[in-house]
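Here are a few notes to read alongside the model. Take them one at a time, with the viewer open.

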Amino acid sequence: MHQLMRPLLPLPAGKAARFRPVPAGLLACLVLPLLALGGCSASWNGPGGTPATSFGSPDSAIGADLGVLPQNPEAWLPANPAEQERFLLKPEAWQAELEKTRRACFAPWQARNLGKLAPERVDDLFWAIKGMNPAKGYMENLRPYDENRWAALVENCAVEAFKNSPGQGLPAIALRNSMLRMMPADTPFFLNPADAGEGFPFDMYNVSAIYPGTPLRIIHRSQDRNWLLVEAPGLHGWLPFEDAAEVDEAFMKRWQSGPFVVLTQDRVPLRPLTGPEQTIYGQLGMLLPVDKSGPGRVLVPVRGPTGKALARAAVLPPGAAQAWPLRPTPRNVAALGKALMGQPYGWGGAYAARDCSALTRDILFSIGILLPRNSRYQAAVGGPVKLEGLSGAEKERRLREQATPFLSLLGFPGHIGIYLGEYEGQAVMLHSYWGIRTRERDAGLGAEPVPGRAVLGKTIISTLRLGAERPDADSRYMLLE
């Protein structure tokens with residue numbers, strides 16, 4: 001069964017380095033010293049108008065790696081074709097992972113009585129009310145967060161109504177691409193936009209993108225009835241009412257019976273063959289049941305006349321999907337990564353894009369391994385081992401010796417990616433990266449110096465010393481010191 005998680009606040013700087021060697025059939029994580037959100041973070045302008053963020057430069061001018069390293073995961077495949085098709089896990093270990101993934105995918109549909117929830121469980125579901133401080137927030141106009149707006153959102157959560165009648169929840173399904181939110185709001189909550197690594201695009205209300213066809217359980221509704229508090233596989237948060245519909249037993253049985261395909265491209269048009277519904281655009285990593293009424297057909301969810309979901313047939317474009325799960329081979333992982341290379345960075349999956357943990361999650365889900373959504377939880381997969389006292393070179397040597405290309409995760413506080421191999425003795429990773437931390441600069445007018453960010457904002461392949469050649473790079477916050 002899946003475990004519900006709330007989005008965690010950034011980890012503190014100086015987190016101890018840890019590593020899990022790769023036993024047969026398990027993922028590995030290397031956790032290196034890195035400032036919280038050093039890679040997946042952003043900035044706006046510093047006080048006095050001095051730019052805290054640089055952007056618009058050629059990739060290779062931001063980080064020399066990008067002018068040297070092939071930006072195609074397939075270029076990192078072993079030369080031997082047999083090695084490209086070698087299983088990355090032992091077959092029995094893969095089957096065990098696959099079974100766990102299947103259960104987790106449909107866990108929100110497992111009936112259970114929520115009963116009278118313990119206070120800590122209620123606090124977890126409504127974590128943002130106590131866990132976020134509106135006094136430190138900023139709105140879409142980059143002005144301090146309005147206290148009246150915050151009060152209205154808290155009231156709209158209707159916490160007391162939930163406490164009084166939690167019920168069993170209602171099984172449901174996502175109808176369209178949507179964003180799971182920490183509060184029932186379509187407006188953003190930014191941290192201080194004057195600080196590097198905060199402000200746009202880091203809307204702190206974002207939890208995760210939710211793809212059409214994702215099983216859900218509706219556990220509460222906002223006071224204005226426009227938002228649904230839902231459980232999704234491994235997550236919970238608020239969705240707009242129109243983005244989900246209840247399902248009945250017949251729908252769930254048909255949807256779960258399989259077989260399934262997984263989309264291997266983004267922006268795949270899926271138009272129901274009957275009815276007036278608009279085209280759904282599927283994303284890489286989206287799971288859909290096969291419709292047996294004709295070749296190349298899948299089922300997509302639509303809202304029926306009673307308000308409940310119906311399963312309608314849609315035709316897949318050629319080459320847009322494969323039978324799920326894909327075999328866990330270097331070639332398949334490389335092909336999935338190639339389809340996402342250069343994609344703009346999307347915090348929490350915003351703008352139909354991906355942040356670092358969404359990239360790893362969608363790629364590995366396609367081969368049957370379901371990761372947590374948050375990079376901190378992903379970095380804990382397999383149980384890291386501490387590496388205090390080792391130099392950066394020693395940590396990298398351990399990684400090159402023990403990590404598995406195209407499977408092992410390289411985890412840092414606030415950031416994560418997939419290990420691809422090595423280049424001239426340096427570890428190379430595939431990751432969605434916001435930008436390189438640059439040294440503090442004079443903000444003018446007597447203001448405190450502000451750190452900067454050289455923005456890449458996309459999926460890249462780099463070493464762990466990306467940007468080290470820059471004269472303004474802050475060496476304290478390299479991925480590897």
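Where does Ala352 lie? Keep that in mind as you start on the first point, and remember that this model is predicted.

1. Ala352 lies in the loop that runs between helix 10 and helix 11 (356-366). Most residues other than glycine have a negative phi.

2. Arg267 is another non-glycine residue with a positive phi of about 55 degrees. You will find Arg267 in the loop between strand 11 (260-263) and strand 12 (268-270). With 52% relative accessibility, Arg267 counts as exposed.

3. Now for the peptide bonds. Most peptide bonds are trans. Phe200 and Pro201, however, are joined by a cis bond, with omega about 5 degrees, and Pro201 sits in the loop between strand 5 and strand 6. The bond from Trp324 to Pro325 is also cis, with omega near 0 degrees; Pro325 belongs to the loop between strand 17 (321-323) and helix 10 (330-340).

4. A polar atom of its side chain lies 2.9 Å from the backbone oxygen of Ala185. Beyond its neighbours within four places in sequence, Arg181 is in contact with several residues, including Asp203, Tyr205, Trp227 and Trp238.

5. Finally, find Asp195, in the loop between strand 5 (178-181) and strand 6 (206-210). Asp195 is partly exposed, at 31% relative accessibility.

Notes: Residues numbered from 1 in each chain as written. Predicted model: local features only at pLDDT ≥ 70, side-chain atom pairs only at ≥ 80, totals over all residues. Heavy atoms only, no water. Helix = DSSP H or I, 4+ residues; strand = E, 2+ residues; numbered from the N terminus. Buried < 20%, exposed > 50% of the residue type's maximum accessible area, 1.4 Å probe, protein only. Polar contact = N/O pair within 3.5 Å; in protein donor to acceptor, adjacent residues only side chain to side chain. Contact = heavy atoms within 4.5 Å.
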